[in-house]
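The entries below follow the order in which I made them.

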Amino acid sequence: MERTEVEAILDRAEALLPAVDGTRKATQIQESAVFGLVFLEDSTRTRLSFETAIHRLGQRAVAMTSTGSSTSKGESLVDTARNVAAMGVQGLVVRCRQSGGAARIADEVDVPVVNAGDGRHEHPTQGLLDAAALRSRLGSLEGRRILIVGDIGNSRVARSDIYSFTALGAAVTLVGPPSMVPWHLASLGHSIVVSHELDPVLDQADAVVTLRIQRERSSSGTVPSDYREGFGLTKDRCRNLRREVPILHPGPANRGVEIDDGVLEDASRCLVLDQVRHGVAVRMAVLERAMAGASG
Ligand code: CP
């Protein structure tokens, strides 16, 4: 998306925040729309956030997960989605293991499809909500340098954060060991650099996003034993950040691995729950936009 489109979504999300906080009702987007949530990979935040967004818009959600569904009998992702669409839902929200899965579904159904995370590929609403939380704290992302630390190669959040942050004028430093941050990731954009050390770049940071090690997506399924020593956000390490620098994590966090308890509990810096709050508003804005596109 172009900067203007990202900004339009974030502006609308900001206007919808009172509806998330329960201080104002949102306007209904359409008479009795039903959204199908097809979540074939585990989720806490994204699924409940989309459900909450749909309820706040005065609409209904029907949700399915892989457990208890006919995917256990071998039904494919696309067939599953086509069947849910055939029930007459007005939109689909899809999380799946397959990179590109949401786009494949969008080619097959006649209703809007929102990608809620597809394999290692992208997690667009997470990228938008992280930008919303940062914009709310920093005012603007223009000219800021944001560190994204961790298992970048396996991270759909990192990819979507890169797109949203750089669209808003920020520069990004991708930080982690060479096995998790290959040099070629710098080619994702002209304002992106790679660092295989964290400590020397801490003083450049205007914000830090730390990521979960994606054990389920690595071939070994383990975390390198020296990861915390080199890249974990410990209390000591955070003392080398400027006082006002916020810390984000998309969740779920591996406490004591990529981030320590004391950093997660530091309300002056840690935006984790603020990210979740902005996430509902961003998803309301995205769903409104999808439905406006569908009817326009
Ligand atoms: N941030 C995020 O996608 O969390 P869930 O996997 O719990 O949805």
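**Entry 1: Val-280**

The model is a predicted one. I placed Val-280 in helix 10, which covers residues 272-295.

Which residues is Val-280 in contact with, leaving aside its neighbours within four places in sequence? I listed Val-20, Ser-49, Thr-52 and Ala-53. I also took a C-alpha separation: Val-280 and Leu-48 are 232 residues apart along the chain, and their C-alpha atoms are separated by 8.9 Å.

**Entry 2: Ala-253**

Next I went to Ala-253, which lies in the loop between strand 9 (247-248) and helix 9 (261-264).

With neighbours within four places in sequence left aside, I found Ala-253 in contact with Glu-258, Ile-259 and Leu-264. For Ala-253 and Ile-29, 224 residues apart along the chain, I noted a C-alpha separation of 34 Å.

**Entry 3: the ligand**

I then turned to the ligand, which sits in the second largest pocket. Around the ligand I listed Ser-43, Thr-44, Arg-45, Thr-46, Arg-95, His-123, Gln-126, Pro-250 and Gly-251.

- Ser-43 has a polar side-chain atom 2.6 Å from a ligand oxygen atom.
- Thr-44 has a backbone N or O atom 2.8 Å from a ligand oxygen atom.
- Thr-46 has a polar side-chain atom 2.6 Å from a ligand oxygen atom.

On its own the ligand has 250 Å² of accessible area, and I noted that the protein covers 91% of this.

**Entry 4: His-123**

I came back to His-123, one of the residues around the ligand. Where does His-123 lie? I found His-123 in the loop between strand 4 (113-118) and helix 5 (124-138). Its relative accessibility is 3%, so I logged His-123 as buried.

The side chain of His-123 makes a polar contact, at 3.2 Å, with the side chain of Arg-95. Arg-95 is itself listed around the ligand. Leaving aside neighbours within four places in sequence, I found His-123 in contact with Thr-46, Arg-95, Ala-116, Gly-117, Arg-156, Val-157, Ser-160 and Arg-283. Thr-46 in that list is also the residue I had noted with a polar side-chain atom 2.6 Å from an oxygen atom of the ligand.

Note on methods: Residues numbered from 1 in each chain as written. Predicted model: local features only at pLDDT ≥ 70, side-chain atom pairs only at ≥ 80, totals over all residues. Heavy atoms only, no water. Helix = DSSP H or I, 4+ residues; strand = E, 2+ residues; numbered from the N terminus. Buried < 20%, exposed > 50% of the residue type's maximum accessible area, 1.4 Å probe, protein only. Polar contact = N/O pair within 3.5 Å; in protein donor to acceptor, adjacent residues only side chain to side chain. Contact = heavy atoms within 4.5 Å. Near = heavy atom within 4 Å. Areas by Shrake-Rupley, 256 points an atom, 1.4 Å probe, with all protein chains shown as cover. 1 Å grid on protein atoms, 1.4 Å probe; cavity = no way out; pocket = protein on both sides within 12 Å on 5 of 7 lines; lining within 4 Å. Sits in = over half its atoms within 2 Å of the grid points.
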